[in-house]
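Here is a protein chain to explore. Keep the sequence and the 3D view side by side as you read.

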Amino acid sequence: MSWPDLLQVAGLSLAITVAVGCVAFLALRALRRSSLIVQVCVLVFAAVLAVILSMVGASWLMFLSEHDLTVAVNVAVISGTVSLALVACLGIVVVRNARALSRAARSIGAGERVDAVGPQSSAEFRALADELVSTSAKLVESREREHRIEESRRELVAWIAHDLRTPLAGLMSMAEALEDELAADPQRYHRQMREQVSRLSAMVDDLFELSKIDSGTLRLSLQDVSLYDVISDTVADLRPLSRGRDIRIEPGLGRDAVVHADPRELSRAISNLLLNAIQHTPPGSPITVAAAVVDGNASVTVIDTGGGIDEDDLHRVFDPGWRGASARTPDPHPEILGESLRSSGAGLGLAIVRGIAAAHQGEVTVRNVPGGCRFDLILPSAEGGRQESFA
């Protein structure tokens, strides 16, 4: 066959293929909402039809015999039919896998957990199935976390309302007694009213601090701080509480231990841990405070002897507003704790500790030890490699 004849056949085949392709494209647009099997069959049929028409056109140009043309067309039709059957079988498998993925997606949308989608026919479908299972697990975890946060928020509101009611009722009764001139000792009433107002102010301060932590607006003034100075000052501030309740806090950390932190927030976190220990440790029992600087991290450990926390409740210790059953026990020495026990009111102290630790790129942990609990506040330090401790 000469080059002109070959080019003529190629041009005719190209024209026929383009024409069939345009018709197939229009058909696919009309069937865009139909099953994947139908669309794939349209594509295969269009390909076979283009081949058959090209062969007929080529035979007309080359003046092939009728017998040769019939044989070629029959071969093309048989091959196309078999191809359509194979495509239909493959399409059924693909559609079955797609429907399984769709069911899994609907289950995820309905809030159900999907642990498996079933066997898939291709690597792409397997990857999609794995992503759906992973997404389902993450959504379930997110819902559970949201549920815990919402439950914690409701408990926080209820507990704050409970804790506000007591001092407000006391203030109301004392104000009425003073107004009616029924107070035998007005100075004592004034002193008690001032203490109640200080307690309310402390609760509002804790709420404001927690709101800054939750909203991400807590701003730290980071600097190199002596861990000894922060701990010793905090212990000194709480010394009247420890002496009054016969709780021993004995600092002894080396003065050269330095941490990179906000001194005010660090002092507040340590103070909240110590106040929590003071609140739950019986009179006459010791509180142990230990500190260490190792491998670039500083840790402050507070160990109480308050009997420990139920293992099922350990994960809730740092939730805002959460308090164990013992937290509702009336304090045996209210005249000693007074207005200084800032974090005992609304159960926010440990939540604030966690927020302060997170703001410093650190963490706070809790675990039970024989006879009590151990809290570890871990923060970045300005120097590492040497361990110091005190108890």
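The protein chain has nine helices and six strands. Both come from DSSP runs, numbered from the N terminus: helices are H or I runs of at least four residues, and strands are E runs of at least two. This is a predicted model, in which local features need pLDDT of at least 70, side-chain atom pairs count only at pLDDT 80 or more, and totals for chains, interfaces and linings use all residues. Residues are numbered from 1 along each chain as its sequence is written, and side-chain values use heavy atoms, with hydrogens and water left out.

Start with the whole chain. Of its 391 residues, 35% count as buried. Buried means under 20% relative accessible area, exposed means over 50%, and partly exposed lies in between (1.4 Å probe, protein chains only). Now look at contacts, meaning heavy atoms within 4.5 Å. Take the contacts in the protein chain with a separation of 6 or more: residues 24 or more positions apart account for 75% of them.

Next, find helix α9, residues 349–359. How many of the 11 residues of α9 are buried? Eight are, so α9 is largely enclosed by the rest of the structure. The buried residues are G349, L350, A351, I352, V353, G355, I356 and A357. What covers them? The cover includes α5, α7, β5 and β6 (372–380).

Helix α5 spans residues 186–215. It packs against α9 at an angle of about 35 degrees, with the two axes 10 Å apart. Axes here are lines fitted to C-alpha atoms, for helices over the stretch in contact, and angles run from 0 to 180 degrees between N-to-C directions. α5 passes α9 in a left-handed crossing.

Which residues make the contact? From α5 come D206, E209, L210 and I213; from α9 come A351, I352, G355 and I356. By class, this contact has five nonpolar, one polar and two charged residues. Ala, Val, Leu, Ile, Met, Phe, Trp, Tyr, Cys and Pro count as nonpolar, Asp, Glu, Lys and Arg as charged, and the others, Gly among them, as polar. The spacing of such residues follows a general rule. An α-helix has 3.6 residues a turn, so residues three or four places apart point the same way.

Move on past the end of α9. Just after this helix, Q361 takes a positive phi of about 65 degrees. Q361 is a residue other than glycine. Its place is in the loop between α9 and β5. Q361 counts as exposed because its relative accessibility is 70%.

V369 counts as partly exposed because its relative accessibility is 22%. Which residues does V369 touch, leaving aside its neighbours within four places in sequence? They are I303 and R374. The C-alpha atoms of V369 and G308 are separated by 7.2 Å, although the two residues are 61 apart along the chain.

Side chains of opposite charge can pair when their charged atoms come close. A salt bridge is a side-chain nitrogen of Lys or Arg within 4 Å of a carboxyl oxygen of Asp or Glu. By this rule the count is six. In one of them, R374 meets D376 at 3.0 Å, N to O. R374 is partly exposed because its relative accessible area is 26%. D376 is buried, at 6%. Salt bridges that share partners also join D205, E209 and R268 into one network.

R268 is buried, with a relative accessible area of 11%, while D205 counts as partly exposed at 25%. Another bridge joins D115 and R113, whose closest N and O atoms are 3.2 Å apart. D115 and R113 are both exposed.

Finish with the cysteines. A disulfide is a pair of cysteine sulfur atoms within 2.5 Å. By this rule the count is zero. C22 is partly exposed at 44% relative accessibility, whereas C373 is buried at 3%.

How values were computed:
Left-handed = near helix turned anticlockwise from the far one by under 90°.
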